Amino acid sequence: MTDAEFHPDTLAIRAGRTADDRALAPTIWATTTFTTGSVAEGRAMATSTDAARFYTRYGNPTVAAFESAVATLEGAEAARAFGSGMGAVAGVVLGLCSSGDHVVTQHQLYAGTQLLFQAVCPRFRIDVTFVDATDPDAWEAAVIPGRTTLVYAESPANPRLDLVDLDRLGAIAGPVTVVDATFATPLGQRPLDHGVDLSLHSATKAIGGHNDATLGVVSGSRELLDWIWGFAVLQGANASPHDAAAGLRGLRTLGVRLERQSATATRLAEALEADSRVRGVRYPGLPSHPQFELASRQLRLPGGLLTFDLPDVDSGARFVESTRIAQLATSLGGPETLVTHPASTTHVNLLPEELAAAGIGPGTVRISVGLEDAEDVLADVRAALDAALGSS
Ligand SMILES: Cc1ncc(COP(=O)(O)O)c(C=O)c1O
């Protein structure tokens, strides 16, 4: 049996062991630089896109091991790790686009990515068109032949879990297509299998999995990754070896965490949907999700994230301040169940019409289900609903 024949959960255990020698756990190469044998060797490494033993901003053995593990799980030729998810997003966008280029992206985006497209791209004369992520025709229709260099999607999207049809996205010819697949994880969805060029993750989330590493990663063809590398070494948002080791550790347990979080989130989504005080429950594992059929086709597991609407800002705020197990914090994918109120935190910089386009209401609540006992999580959410809205 070759590694290519193993199932994803087995690959997650075996992948990325290039820097370990005989150590079972990831070896942390905590060094900024490496001794160089000769001037000729230095020259070769200074210009090589995979010199992992030259200078850590260019590459590092622990980081390279993490990159190789993610590339394996994504079915990609290569990957580049960054110091955060936003490092990866900015590295891809600014590494691939030039002044005069055009980008197609979606209304429903992580707010940091949205700000990059809205506030930074115009400064570099990169034009951006925003489309409805869920309209498969809109993506291709917005492409301007000869000018659109990048088609940038996020699926499932933060925070309302809207999906992009990856087969349709991957079929767009011409521009480079990218999917931010953070919410799905590499074990939940593989954009490259659908013909998409690049798959991107904030590995700060489920890949790292323990809320102790800030990390990003992008995977794709060697040619595209080489191009991105040329900008990334100057951008300087490289991953630290410590965080890359945390990413490798996270990957080893990602499969079981994703299964457990999906199971608890499914129960919670069903309970919320049955509660008459709650509206608009969104979860890719619920048949009521407007794209349930698409979700069943392109997501291996529905994941640990769900959103729902409470009537107004006050009840949304009271809910997130009332949970005891679910903690009020802006991240996702870790062992602790977290709640956020997007309108006042992650998406606070958006204008009212932008919030509406992203499907975020004043009382929208996002939950990232953790690894606590499902009964405790459900009881906690029920008690917080009582506190926010009164008993049902
Ligand atoms: C979907 C998505 N992409 C990218 C990012 C940015 O990641 P980071 O916080 O690691 O920079 C986030 C952060 O929440 C996110 O949710």
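This is a predicted model: local features need pLDDT of at least 70, side-chain atom pairs count only at pLDDT 80 or more; totals for chains, interfaces and linings use all residues.
The protein chain contains 13 helices and twelve strands. Its radius of gyration is 21 Å, close to the 21 Å that the globule rule gives for 392 residues, so the chain is as compact as a globular protein of that length. Along the principal axes, the C-alpha atoms fill a box of roughly 75 × 50 × 40 Å. Of the 392 residues, 53% are buried.

The domain assignment divides the protein chain into domain 1 (3-250) and domain 2 (255-389). Their C-alpha centres lie 26 Å apart. The contact between them takes 27 residues from domain 1 and 33 residues from domain 2. On the domain 1 side, α1 (8-14) and α5 each supply at least two residues. By class, this side has twelve nonpolar, ten polar and five charged residues.

An open sheet is built from five strands in the order β8-β9-β12-β11-β10. Its pairing is mixed. The edges are held by β8 (279-282) and β10 (327-328). Each has a single partner strand, so one side of each is left without a neighbour in the sheet. Further in, strand β9 (residues 305-309) runs antiparallel to strand β12 (residues 364-368). Five bridges join this pair. In one of them, leucine 305 has serine 368 of β12 as its bridge partner. In general, strands of a sheet pair through backbone hydrogen bonds, either parallel or antiparallel.

The parallel sense is found around β4. Strands β2 and β4 pair this way over three bridges, and histidine 102 stands opposite threonine 148 in β4. Strands β4 and β5 also pair in the parallel sense, over five bridges. Here tyrosine 152 stands opposite valine 178 in β5. Strand β4 is mostly covered, with six of its seven residues buried.

These strands also meet helix α5 (residues 111-120). The buried residues of α5 are Ala111, Thr113, Gln114, Leu116 and Phe117. Their packing partners include three strands already named: β2 (102-106), β4 (148-154) and β5 (176-180). The buried residues of α5 pack against α4 (85-96) and β3 (127-131) as well.

The largest share, three residues, comes from α4. The shell holds 15 residues, of which Ser84, Gly85, Met86, Ser202 and Thr204 come nearest to the ligand. By class, the shell has three nonpolar, ten polar and two charged residues.

Key: Residues are numbered from 1 along each chain as its sequence is written. A residue is buried if 20 or more other C-beta atoms lie within 10 Å of its own, exposed if 12 or fewer, and partly exposed in between; C-beta atoms are placed from the backbone. Helices (H or I, at least four residues) and strands (E, at least two) are DSSP runs, numbered from the N terminus. Two residues are in contact if their C-beta atoms, placed from the backbone, lie within 7 Å. A residue is near a molecule or strand if its C-beta atom, placed from the backbone, lies within 6 Å of it. Ala, Val, Leu, Ile, Met, Phe, Trp, Tyr, Cys and Pro count as nonpolar, Asp, Glu, Lys and Arg as charged, and the others, Gly among them, as polar. Domain bounds come from an automatic or database domain assignment. The radius of gyration is taken over C-alpha atoms; the globule rule is 2.2 Å times the number of residues to the power 0.38. Two strands pair if DSSP finds at least two bridges between them.
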